[in-house]
Amino acid sequence: MGRTLAAAAALAAALPLISAQQIGTPESRPPLDTWKCTHAKGCVKQNTSIVIDAGTHWIHEIDGETSCTTSDGQLDPDLCPDKETCAANCVIDGITDYASHGVETDGGRLTLTQYVEEDGTLTSVSPRVYLVAENEDYEALQLLNQELTFDVDVSNLPCGMNGALYLSEMLADGGRSDLNPAGSAYGTGYCDAQCYVSAWVNGEANVDSNGLCCNEMDIWEANSRAAGFTPHPCTYEGGGLYECTSDEECDPSGENTGVCDKWGCGFNPYALGAHDYYGLDLVVDTTKPFTVVTQFLTTDNTTTGALREIRRLYVQDGQVIQNAVVQGGANSITDELCATTSNWFDGFGGLEGMGTAVGNGMVLAMSIWNDAAGNMQWLDGGDAGPCNATEGAPSYIEEHTPDTAVTFSNIRWGDIGATFKSL
């Protein structure tokens with residue numbers, strides 16, 4: 001999600017990213033009110049819920065207590081020598097107590113907490129959840145010539161934290177199949193532009209250790225000190241998850257030469273020179289909640305046109321705040337801006353390539369995490385923000401802000417101009 005490769009590795013370590021085999025105990029997904037908006041009908045509430053990533057679930061031997069993965073996240077070679085045997089041997093259990101995993105909902109509010117305390121001991125849970133439609137598939141948002149809006153409270157996200165809301169071109173059914181009957185209802189099928197390697201791919205045993213790639217649109221990666229939004233297009237044909245099978249495709253070296261743009265073209269106001277725009281008591285004042293609007297404008301202003309611009313607005317205290325104006329007068333993501341800020345974006349298809357995925361439909365993911373490898377300096381330190389590495393260290397956060405959390409609420413999507421109001 002717009003992170004350095006070291007940060008991506010840190011997140012992969014924090015989230016085992018396990019998918020599933022046979023269905024065990026039932027899942028109890030928390031409801032989350034969301035709204036689809038049009039100029040003709042206004043905003044209509046959707047019967048949506050959230051599911052936590054399958055990696056948080058217990059996947060174990062049927063009628064036994066043995067995990068189907070080892071302590072280092074690899075497949076158990078006895079239970080999972082191949083996909084078919086693994087599916088026959090293993091079962092995924094549902095989660096009924098989401099609060100114990102740092103996830104709570106109330107109407108249209110979702111709060112994600114980094115640390116959970118039990119018997120006086122803090123545990124880093126770092127939850128990631130996905131939006132699920134009424135039919136138990138993921139809600140696949142098609143956002144060309146549309147906008148996505150949400151309210152957010154980052155006041156309790158210090159330096160080093162990342163409360164993220166983003167889009168992944170994972171399969172709407174989570175890769176549901178004969179070998180993975182659980183699918184999206186249990187949080188399977190995750191992928192992103194980092195092409196990480198997991199023990200599971202679309203809920204089936206990843207016996208070949210392939211990388212899991214797909215288009216990724218980072219709508220929001222932020223804490224109270226810095227924020228950014230970043231498209232990460234991929235060059236493979238077709239939608240959904242792509243399994244990279246070689247170093248050339250997966251790019252473990254960090255040269256950004258694989259099938260996906262791991263670095264992306266980001267718009268972080270501080271990194272682009274606007275140091276007094278976003279933060280504590282600044283233009284966008286992060287000491288209190290605000291609304292984030294992201295618009296996907298096309299060349300012909302239709303839902304089938306080519307993506308030409310990703311525009312950002314904020315609303316706070318009833319007032320619309322235009323995005324920061326940065327180098328060259330830019331205040332949005334365009335191919336022209338990316339040509340001056342990214343060395344690779346155009347080679348991965350640029351905005352038009354990202355727009356293909358946005359038009360196909362992408363799954364909404366939300367997460368909270370911190371970064372043991374790089375202390376989130378790529379987001380909020382050095383040229384990217386005002387934070388130093390010491391205060392961004394997970395150990396420092398745990399000691400000084402153990403209740404760190406992010407709240408997303410009032411998620412709406414639909415016609416441009418239909419999802420937000422101003423005074």
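Reader: Is Phe 267 buried or exposed, and what is its relative accessible area?

Author: Phe 267 is buried, as its relative accessible area is 1%; buried stands for under 20%, exposed for over 50%, and partly exposed for the range in between (1.4 Å probe, protein chains only). The model is predicted, so local features require pLDDT of at least 70 and side-chain atom pairs pLDDT 80 or more, whereas totals for chains, interfaces and linings use all residues. Residues are numbered from 1 along each chain as its sequence is written, and side-chain values use heavy atoms, without hydrogens or water.

In the whole structure, a search finds 16 aromatic pairs; rings of Phe, Tyr and Trp (its six-membered ring) pair with centres within 6.5 Å, and planes under 30 degrees apart are stacked, over 60 edge-to-face, the rest tilted. Among these pairs is that of Tyr 190 with Tyr 196, which is stacked because the planes of the rings meet at 25° with the centres 6.0 Å apart. Tyr 190 is buried, and Tyr 196 is buried as well. Phe 267 belongs to another stacked pair, with Phe 229 as its partner; here the centres are 5.6 Å apart and the planes make an angle of 25°. This pair links distant parts of the chain, its two members being 38 residues apart. Phe 229 belongs to strand β20 (residues 227-232), while Phe 267 is found in the loop between α3 (247-250) and β22 (278-279); helices (H or I, at least four residues) and strands (E, at least two) are DSSP runs numbered from the N terminus. Phe 229 has a relative accessibility of 1% and therefore counts as buried. With Phe 267 also at 1%, the second ring of the pair is buried too. Elsewhere, one aromatic cluster is formed by Phe 150, Trp 220, Tyr 277, Tyr 278, Phe 290, Tyr 314 and Phe 408.

Charged side chains also join parts of the chain. A salt bridge requires a side-chain nitrogen of Lys or Arg within 4 Å of a carboxyl oxygen of Asp or Glu, and by this rule 8 salt bridges are counted. In one of them, Arg 128 meets Asp 53 through the side chains, at 3.1 Å from N to O. Arg 128 is in strand β11 (residues 128-132) and Asp 53 is in the loop between β4 (49-52) and β5 (59-61), so this bridge ties together parts 75 residues apart in sequence. Arg 128 counts as buried because its relative accessibility is 2%. Asp 53, with a relative accessible area of 3%, is buried as well.

A further salt bridge brings together the side chains of Asp 137 and Arg 176, again with 3.1 Å from N to O. The two residues are 39 residues apart, and the pair links distant parts of the chain: Asp 137 sits in the loop between β11 and β12 (140-141), and Arg 176 in the loop between β14 (161-168) and β15 (196-197). Arg 176 counts as partly exposed because its relative accessibility is 33%.

Glu 309 takes part in a salt bridge with Arg 308, where the closest N and O atoms are 3.2 Å apart. Glu 309 is buried at 9% relative accessibility, whereas Arg 308 is partly exposed at 35%.

Most residues other than glycine have a negative phi. Asn 202, which is not glycine, has a positive phi near 50° and is placed in the loop between β16 (200-201) and β17 (204-205). Its relative accessibility is 15%, so Asn 202 counts as buried. Asp 317 is likewise not a glycine, and its phi is positive, at about 55°. The loop that holds Asp 317 runs between β25 (307-316) and β26 (319-322). Asp 317 is exposed, since its relative accessible area is 52%.

Ala 418 is located in the segment after β29 (405-415) and counts as buried at 16% relative accessibility. From Ala 418 to Val 326 the separation is 92 residues in sequence and 27 Å in space, C-alpha to C-alpha.
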